[in-house]
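Colleague: I have a model open and want to learn how to read its features. Can we go through helix packing first, then the sheets?

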Amino acid sequence: MIRLFDTHYIRQTQELDGMWDFCMEGFDKPYKLPVPGCWEQHPDFLQYRGKGTYTRKVYIKNGGNVRLEFKGVSHTADVYFDGEKIAHHYNAFTPFSAAVKNVAAGEHEIKVHVDNTFGEHSALHIPNDYYTYGGITRPVSFEIVPDVYIKNVHFTPYMANGKWNAMTEVRVCNLSDETVNAEVRITLAGHAESGVIQIPGCSEVCAVFESEFENVKAWSHEDPALYMLNTVLVLNGEEADDLIERVGFRTVEVRDTKIYLNGAPIYLKGFNRHEDYAVDGCAVSLQHMVQDMDMMQDMNVNAVRTCHYPNDERFLDLCDERGIMVWEENHARGLVLEDMQNPNFEKQCEDCIREMIENHYNHPSIVIWGILNECASETEEGRRMYKKQYDQIKSMDTSRPTTSATCRHFTDICLDLPDVVSFNMYSGWYKDCPIDERNDQEIEWIKKSGGDNKPIIVSELGAAAIYGYRDRSRCKWSEERQADLIRDNLEVYMNDDRITGVFIWQFADCRVTEEGEWFATRARCHNNKGVVDEYRRPKMAYDTVKEMFKKYGGA
């Protein structure tokens, strides 16, 4: 399943989930592996880091232009169609597509070479506090498209004169060499509009509609109203292509020290969540996504942070449906300046941001764009890169605020750049100190260092515990100590009017890489700060969070 709703009625589509032929470099044996899936879930590849090849046959009945869309391949993909290379893509967490013109009817072969190795070629996937899996880890679709087709649709709602308005941008692609005139029709919430555009050969053109909407409901946490935006492309008087998006009417803005949703201040309370499940790896099934969402909502959350990369769009669809506000961020975590000076770093970050925003723009649940978690924001060269990435986001989307989570306490020189200042703090875990005193020091420093009169979020807080380890002394690594520290931290942060949100690190334990240094401080080669373990078995902290989030403002 690509999305939680149908995205086409006219365009011919086929999802390619299922068993693909697979061969692993260095292994003579042929395999069949599931797509989506991680190759680490197979007994022969439990810790394999290297290269593998997925192959599948597809049948085209009448011929035409073929468009392949991959929602995620970890981490590098080279895609071949009938032996011809049609795409190269880096980054496990963003989608990409490729089109092949004038494909004949009959059987054809798709081959995908996948690489999850570390090295200079991979600036963002490095040995880290989460695991870099290998495989075609998110869904794949196969489409037949006309020479002129709808590439994407972006929907931006806003209030004007007390009424809901929206700008709808429809990007149309022309694969042919000829200039084509096309009619674009949009339908949303009982409102219909159309316009004619001219698309030169081998180019893209954007059709823009500005519309006012009567009798629509705002999207919110309490009432997540959603509407289907149906876009149809008409060529020579006939409906040739379509694209359906699901949207919500809501505004997000920052005024002084608060974040406002639809003009009302909000307080974000939620979890950091990695896409990692014991039996799935990072190819989390829909059933397990729903389980995660059910458990988080049982603990009275209203927000989630997609640490530290763009998430599977089906999870974002769930957030849209359930009114869970999302901080989604690009892929870069814990990089020192030397890492950021990798010659591929800036281009790979730029691509990730572009693909994240282009593909996830319409989700009303996304209320913040984030970048560069715990990177070298204390350096002048790092500041240049932070500014460059914030500028890129603003060039693509001014309807959402920006932020980044810092741990460069008292040395960060980038706090003036984002709309929201966020800091990661583990008082009582990494450093034994009074939580309230440390919090006061941090906020006073933020105010003096570029963050004055900005909203402040505690983007990470927490402690580790091994599931099932109980100790009446309440020592570190016990479930008791984890529950105590989370309670004590939340008591301080959620009673501080200077703070507008908290995100607990983390929802579930996740696997970490053995390469590098992380395994030395991560028992079981897992980050054990989840309030549930990797199998989603609740620790004592589960009930603590449920109680505290209910105590301070309900769900």
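Colleague: Which residues of α7 meet α8?

Modeller: This is a predicted model. From α7, the contact takes in Glu 479, Glu 480, Gln 482, Ala 483, Ile 486, Arg 487, Leu 490 and Glu 491. From α8, it takes in Met 540, Ala 541, Thr 544, Val 545, Glu 547, Met 548, Phe 549 and Lys 551. By type, the contact of α7 with α8 has eight nonpolar, two polar and six charged residues.

Colleague: How do I describe the geometry of such a pair?

Modeller: Two packed helices are described by the angle between their axes and the distance between the axes. Here α7 spans residues 479-493 and α8 spans residues 540-551. Their packing angle is about 15°, and the axes lie 8 Å apart. Angles under 35 degrees count as roughly parallel, so α7 and α8 are roughly parallel to each other. The crossing of α7 past α8 is right-handed.

Colleague: Now the sheets. What holds the strands together?

Modeller: Strands of a sheet pair through backbone hydrogen bonds, either parallel or antiparallel.

Colleague: How many bridges join β2 to β4?

Modeller: Four. β2 covers residues 18-24 and β4 covers residues 51-60; the two run antiparallel.

Colleague: What is the strand order in the four-strand sheet?

Modeller: The order is β16-β15-β18-β19, in an open sheet with antiparallel pairing. At the edges, β16 (191-199) and β19 (238-247) each pair on one side only. The twist averages 20° from one strand to the next.

Colleague: And inside that sheet, how is β15 joined to β16?

Modeller: By nine bridges, with β15 (residues 180-188) running antiparallel to β16. Glu 183 stands opposite Val 196 in β16. Two residues lie between the strands of this hairpin, where Ala 189 takes a positive phi near 50°.

Colleague: Which residues does the UniProt domain annotation cover?

Modeller: The unreviewed UniProt entry annotates residues 55-123 as "domain: Beta-mannosidase-like galactose-binding". In the model, that span is 0% helix and 67% strand. The end C-alpha atoms of residues 55-123 lie 27 Å apart.

Conventions. Residues are numbered from 1 along each chain as its sequence is written. This is a predicted model: local features need pLDDT of at least 70, side-chain atom pairs count only at pLDDT 80 or more; totals for chains, interfaces and linings use all residues. Side-chain values use heavy atoms; hydrogens and water are left out. UniProt positions are given in the numbering used here, feature names are shortened, and annotations may be inferred rather than shown by experiment. Two strands pair if DSSP finds at least two bridges between them. Axes are lines fitted to C-alpha atoms, for helices over the stretch in contact, and angles run from 0 to 180 degrees between N-to-C directions. Angles under 35 degrees count as roughly parallel, over 145 as roughly antiparallel, 65 to 115 as roughly perpendicular and the rest as oblique. A crossing is left-handed if the near helix is turned anticlockwise from the far one by less than a right angle, and right-handed if clockwise. Contact means heavy atoms within 4.5 Å. Ala, Val, Leu, Ile, Met, Phe, Trp, Tyr, Cys and Pro count as nonpolar, Asp, Glu, Lys and Arg as charged, and the others, Gly among them, as polar.
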